[in-house]
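Hi,

Could you take a look at the model below when you have a minute?

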Amino acid sequence: MRRLSGRFRSALVIGLQGIRARKLRTLLSMVSLFLGVLAVVVVQAGASIAERALLANVELTNGIDGTKNLYVPPEPGAASAVLDTVEGRPDATAMIVLPAIIGEPGVRPVNEGAAPFDENWGSSGEICFPDGTCQPNPEPTGQAVEVRLTALTGDVRAFRPYRPYRPRHGQWLDFTTMPAMAPRLVLNLEAAKGFERYRVPAEMRVRGAIAHITPQFVGVIDDGDIQPRAYVRMDELVTWLPVNTLTDPGTGGELQVLMTGSTPVEQVLTSRLTGLGLQVGVQTVDSLERQEDELALIRLVFLAMAGLVLLIGVAGILNVGLATVGERIEEFALRRAVGTPRSLLAGIVLAETLLTGLLTAAAAIGVSVGGLKLVSMMLGDAEPFLQNMQYPWDAGLAGIVAGLIAGILGGFVPALRAARIPIASVMRA
Amino acid sequence: MTVLIDLTGITKVLKGQEQDRTILSGVDLTVRAGESVAIVGRSGSGKSTLLSILGLFDRPDEGSYLLAGQDISRLPERRAAKLRSSHFGFVFQRFFLLKHLTAAQNVAMALVNGQGWLPRRERRARVLEALDQVGIAHLAKNRPARMSGGEQQRVAIARALVRRPVVLLADEPTGALDTETGTAVIEALLAATTRGCGLVLVTHDRDHAARMDRTLDLVDGVLTERVRA
């Protein structure tokens, strides 16, 4: 062990001396290897960033991996059971979705059925009742916008990481303050587009409400939904909408509870709802697992391409390494003469190429970190997922591994040559 | 005096394309502690081959080689490298100093050879001691390009001495130097023998050979002792 340590240190000391003595050659080796290592780093970083971007989009609609979604049928009594159970709990948030029309009273909204504003979902112009009978909607089309009103018992971002859209123009719902009489709404991008396009009065109609509500818009977020949606605090909504009407089948409401994986809420809620004669379904979000195969294939293809570029870099190191050993025949013969074992001579050459590989990896990682910061600064406004993007350090690790592998592959043959130099080279000189 | 080197019947044959050529033929040689031996002979007489065998760079085809009583005629390379490090110091006609290293670093090269590891402080002390023995401790930080030929050869001698060898092997160490500088180098080598180190000097210079305890002639692979008047 001690002998190994001595040889390792000797190889490192002599290798560093060799690099310092041949700075230009080291630089040339680094240049030839740089693109290869950079390619590996960029592919790995790109794959990680793409994975995050893809996952971020999925998380917006499905929720963070591991989140449990409990779907409750909209039946009388379900809402109060859910709200009683999750109230004040940080590990679960109830979400009730209702249709709401904001704008002129007594008119049909411009996007009936909360359709996206640039799409025509073919409104029938009829009102249908739970018993299946329909009759023509007597209301004329007017300046009103229909949204999917989403009432929340707590900060849903713990489960769905909504990205603030232009946060300078607004804020997310604050659950720490007293509930306001005029419910505060946070719009999604599609709803914000609708209210930018149509100037409507601030009057909100929700079926079952005791009066028309005057809402106030406090922010805009990107929730990935193509339908216009408005988020509201549950306690502010229930001031105007009795709890027992929230899940009235006549209101068309949807009830869902988002929970962390290990909360006792699931068991309590399931028992209570089953007691009410309701059947609940639970789904756990596993987006990452479902996308892993697809991402792995993409990563593999790009890594294969990066590997080819790396091989060219290895050939460069090999070329410079062989030339350097050829120039240092006397030095290596002399080192053997003073008792340096062959294995250490090989170790010296390998140490030099490994250090060169590591230096190159450090340079490539530095460039990619700088590049990502630059891209984040320049394109961050257009692509929100690039904002505050952290450098994926697995890409850095891949760069170091690539540098080490290139160092070993490029230094192996020169190392063997160095070890075979006869001592007689110094005697006959 | 203790016998350091004892060669008996050493023969070395170079394989040729048409016929083999005998370089050394039954060479007998004994070197004792503190003794200096000069080997003289014409070019191609086998002096360097003999030195290669003495320094374990090469193996004899026949004969035995005892180092301090231990037979080392057929050593594997790994053990030979260890013995070269622990028992021998080498000085060559060309100095073989690494130009990118200082004098001290060139001397330290013999200590950083994978045969054990000395702490930096001890290494520095040994290097300065070796440079001091050859009288150039003040040049420790100079690079070879800034030193004269004589100074460079002294650095090479310091490199040979730094591991405190049992035997010093010098292959025409004054060949590239003027007479005065060459004499100074020989004195530096002889100084090592006063500390009990054996010295084998291969030289063409009769004057330098005369300063050794014994002079041996190598003629056509046969070693004979010259009788001094």
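First, the housekeeping. This is a predicted model, where local features need pLDDT of at least 70 and side-chain atom pairs count only at pLDDT 80 or more, while totals for chains, interfaces and linings use all residues. Residues are numbered from 1 along each chain as its sequence is written, chains are lettered from A and ligands numbered from 1 in the order in which they are written, and side-chain values use heavy atoms, with hydrogens and water left out.

Over all chains there are 27 salt bridges (a side-chain nitrogen of Lys or Arg within 4 Å of a carboxyl oxygen of Asp or Glu). For burial, I call a residue buried under 20% relative accessible area, exposed over 50%, and partly exposed in between, using a 1.4 Å probe and protein chains only.

In chain A, Asp223(A) pairs with Arg229(A), with 3.8 Å between the closest N and O atoms. Asp223(A) is buried at 3%, and Arg229(A) is buried too, at 11%.

Chain B has a salt bridge between Lys15(B) and Asp20(B), at 4.0 Å from N to O. Here Lys15(B) is exposed, with 70% relative accessibility, and Asp20(B) is partly exposed at 43%.

Another one links Glu77(B) to Arg84(B), whose closest N and O atoms are 2.9 Å apart. Arg84(B) is buried, at 0% relative accessibility, whereas Glu77(B) comes out as partly exposed at 24%.

Back in chain A, shared partners tie salt bridges into one network made up of Asp118(A), Glu190(A), Lys193(A) and Arg197(A).

Cheers
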